[in-house]
Amino acid sequence: MTIMESRWEGNLEELRGLVSDRAMTGETMVLNMGPQHPSTHGVLRLMLELDGETIINCVPDIGYLHTGIEKNMEAKKYEQAITMTDRTDYLNPMGNNFAFCLAIEKLIDLDVPIRAQYLRVILAELTRINSHLVWLGTHALDIGAMSVFLYCFREREKLLDIFEIVSGQRMMSTYFRPGGLWRDVPDEFEPAVRDFLGYFPAKIDDYEKLLSNNPLWLDRTQGIGFISTEDAIRLGCSGPTLRGSDVNWDIRKALPYSSYDHFEFDVPLGKHGDVYDRYVIRMEEMRQSLHIVQQALDRLPGGPTRSNNRKYVPPPRAELGQSMEAVIHHFKLWTEGFRPPKGEVYVRLESPRGELGCFLASDGSPRPWRVRFRTPSFVHLSVLPHMSQGYMIADLVGIIGSIDIVLGDCDR
Amino acid sequence: MGLTSKLGNMGIVTTRLEDTVNWGRTNAMWPMLFGLACCAIEMMSTQAANYDLSRFGMELMRPSPRQSDLMIVAGRVTRKMAPVLRQLYDQMPEPKWVISMGDCASCGGVFNNYAIVQGVDEIVPVDVYVAGCPPRPEQLIHGIVTLHERIKQERIVDWA
């Protein structure tokens with residue numbers, strides 16, 4: 001392949017409209033940040049306009065991780081396409097599976113057994129803790145607290161072990177399937193989760209001891225990256241970023257899916273809409289997730305973990321030796337795939353970052369006609385200029401960390 | 001280090017220059033802090049407490065290419081990112097090595113489409129490929145140890 005010249009040979013005139021007029025006269029400085037930068041959480045590039053150390057404007061340049069996942073999914077059968085969803089938001093793989101499976105289930109009106117719903121809730125909440133641990137580790141690392149990173153990743157290994165128990169893979173599990181789960185959880189699953197439930201709460205306290213009253217942490221986070229309630233709603237924030245500005249909107253509560261309404265949990269809210277409040281909310285969310293997992297595990301019903309609808313769900317292996325019909329279904333589903341009815345659906349769920357939506361359009365063929373993800377990182381990145389204007393350049397990494405963007409989620 | 005002989009108890013060892021230099025290079029390799037996608041998270045796991053890359057003298061990740069001698073391409077390389085990656089590689093001082101971590105960096109992985117470079121070896125020379133989507137930290141460590149073995153084979157005539 002030919003390599004394009006990466007050096008920018010344009011002039012300031014090309015940036016007119018993106019930067020203020022003061023930049024044209026050289027009064028303010030235009031500075032590039034990224035795409036290779038340790039604190040941009042991936043390959044984000046920002047064009048900063050600075051007056052001294054104060055940020056006048058920041059223009060995100062995305063697409064450095066555009067993978068064409070949505071387009072690739074159109075070329076795959078529905079079951080195959082699930083593997084692609086793992087790789088969009090790679091800190092929340094089970095959540096992406098979840099959104100896509102919910103969309104397929106809504107499209108074909110497929111039932112999901114209650115045991116599968118509960119297991120999905122358990123795994124989605126563990127994934128949320130997993131994602132928040134990576135967020136906390138990297139966010140603290142950006143602001144200068146080195147040791148938190150090591151502790152967070154130590155705990156994260158325990159979660160990855162649980163994912164490996166159920167699916168055989170640490171990160172890209174593809175464990176959720178239309179109509180339920182790939183298979184029932186093995187016997188080691190419940191003791192491993194209970195072990196984690198007993199182990200983890202004290203660790204959250206440890207993190208808070210390191211950070212919450214640390215004067216350096218408070219100086220770097222309080223009153224930084226402020227966004228008002230009105231602006232947060234107007235600009236389409238969701239998840240902890242929205243709740244940090246005192247808006248009580250959690251899709252698990254507001255529009256419950258997959259029996260989230262069976263569980264008791266609180267939605268933590270912030271008052272000030274700054275980086276510190278978003279930090280407090282995510283810490284509390286980890287506790288609430290543990291609480292949900294505890295309830296779901298205690299009340300975990302027995303029964304099947306996948307729907308019995310043979311038109312969409314392949315028969316279990318044991319049936320193949322006894323039933324001709326099972327053989328036919330097996331053959332049809334694994335060669336041709338299933339054909340959902342024509343139609344369009346949109347589902348949304350609460351990902352660790354905010355509202356994750358999945359739009360699915362079907363033309364009746366075994367492959368999706370169009371898949372689109374509404375991802376929280378993309379929306380939050382568009383709010384970043386609003387949040388960072390007027391703050392110091394050193395605060396920017398804290399603000400980027402507080403909206404918890406994942407570039408894979410943003411660019412797809 | 002290929003120890004050739006030891007002179008009594010005078011505390012002197014003799015060895016070849018090549019072996020000493022290669023020993024130094026393998027035990028203090030500074031990787032560039034450069035993550036692209038999912039594999040970067042596993043690279044961070046490898047760096048963290050459980051797998052502890054400092055056992056291999058690699059705890060110091062440099063965010064600047066000018067201070068690093070190992071590039072771990074962790075994740076999918078898009079066509080938009082490819083020139084940046086090449087520029088970073090060019091900015092690294094010799095001697096330098098590249099590990100292609102994961103299926104996407106090695107061959108495009110599951111993304112055979114318009115956006116992804118089908119293997120990072122199209123733009124930079126790769127020394128070690130690590131398979132997996134994403135590879136486990138043990139696999140990455142195996143790749144690093146393989147690279148060490150390779151470096152130990154290098155001879156002075158190759159350096160020029």
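Which residues line the second largest cavity? The legends below take that cavity up first, then the rest of this predicted model. Residues are numbered from 1 along each chain as its sequence is written, and chains are lettered from A and ligands numbered from 1 in the order in which they are written. In this predicted model, local features need pLDDT of at least 70, side-chain atom pairs count only at pLDDT 80 or more, and totals for chains, interfaces and linings use all residues, while side-chain values use heavy atoms, with hydrogens and water left out.

**View 1. The second largest cavity is lined by residues of chain A.** The lining consists of A:Asn92, A:Gly95, A:Phe98, A:Ala124, A:Arg128, A:Tyr257, A:Tyr260, A:Leu349, A:Glu350, A:Ser351 and A:Pro352. The space comes to about 50 Å³. A cavity is a set of points, on a 1 Å grid over the protein atoms alone, where a 1.4 Å probe fits but cannot get out; lining residues have an atom within 4 Å of a point. Grid points are joined across faces, edges and corners, and a volume is the space filled by probe spheres set on the points. Helix H4 (93-108), H5 and strand S6 (343-351) of chain A each supply at least two lining residues. S6(A) gives the most, with 3 residues. Helices (H or I, at least four residues) and strands (E, at least two) are DSSP runs, numbered from the N terminus.

**View 2. The largest cavity has lining residues from chains A and B.** Its volume is about 70 Å³. A:Arg87 and A:Met172 are among the lining residues, as are B:Cys38, B:Arg76 and B:Asp103. H2 and helix H4 (102-107) of chain B each supply at least two. By class, the lining has 7 nonpolar, 2 polar and 3 charged residues. Here Ala, Val, Leu, Ile, Met, Phe, Trp, Tyr, Cys and Pro count as nonpolar, Asp, Glu, Lys and Arg as charged, and the others, Gly among them, as polar.

**View 3. The largest pocket has a volume of about 940 Å³.** A pocket is an open set of grid points with protein on both sides within 12 Å along at least five of seven lines. The lining of the largest pocket takes in 39 residues; A:Pro38, A:Leu141, A:Phe149, B:Leu33 and B:Met44 lie nearest its centre. Two or more lining residues come from each of helix H5 (114-143) and helix H6 (146-167) of chain A, and helix H2 (38-47) of chain B. The lining has 26 nonpolar, 9 polar and 4 charged residues. Domain 1 (12-61) and domain 2 (69-307 + 340-411) of chain A both give residues to this lining, so the pocket lies between them. Domain bounds come from an automatic or database domain assignment.

**View 4. Chain B meets chain A.** The contact (heavy atoms within 4.5 Å) takes 42 residues from chain B and 40 residues from chain A. The two chains bury about 3,500 Å² between them, 64% of it on carbon and sulfur atoms. In chain B, B:Ile41, B:Arg76 and B:Lys80 lose the most area to chain A, together 16% of what that side buries. Buried area is the accessible area (1.4 Å probe) that two parts lose on being put together, summed over both. The interface holds 3 salt bridges. A salt bridge is a side-chain nitrogen of Lys or Arg within 4 Å of a carboxyl oxygen of Asp or Glu. B:Arg136 and A:Glu164 meet in a salt bridge, at 2.6 Å from N to O.
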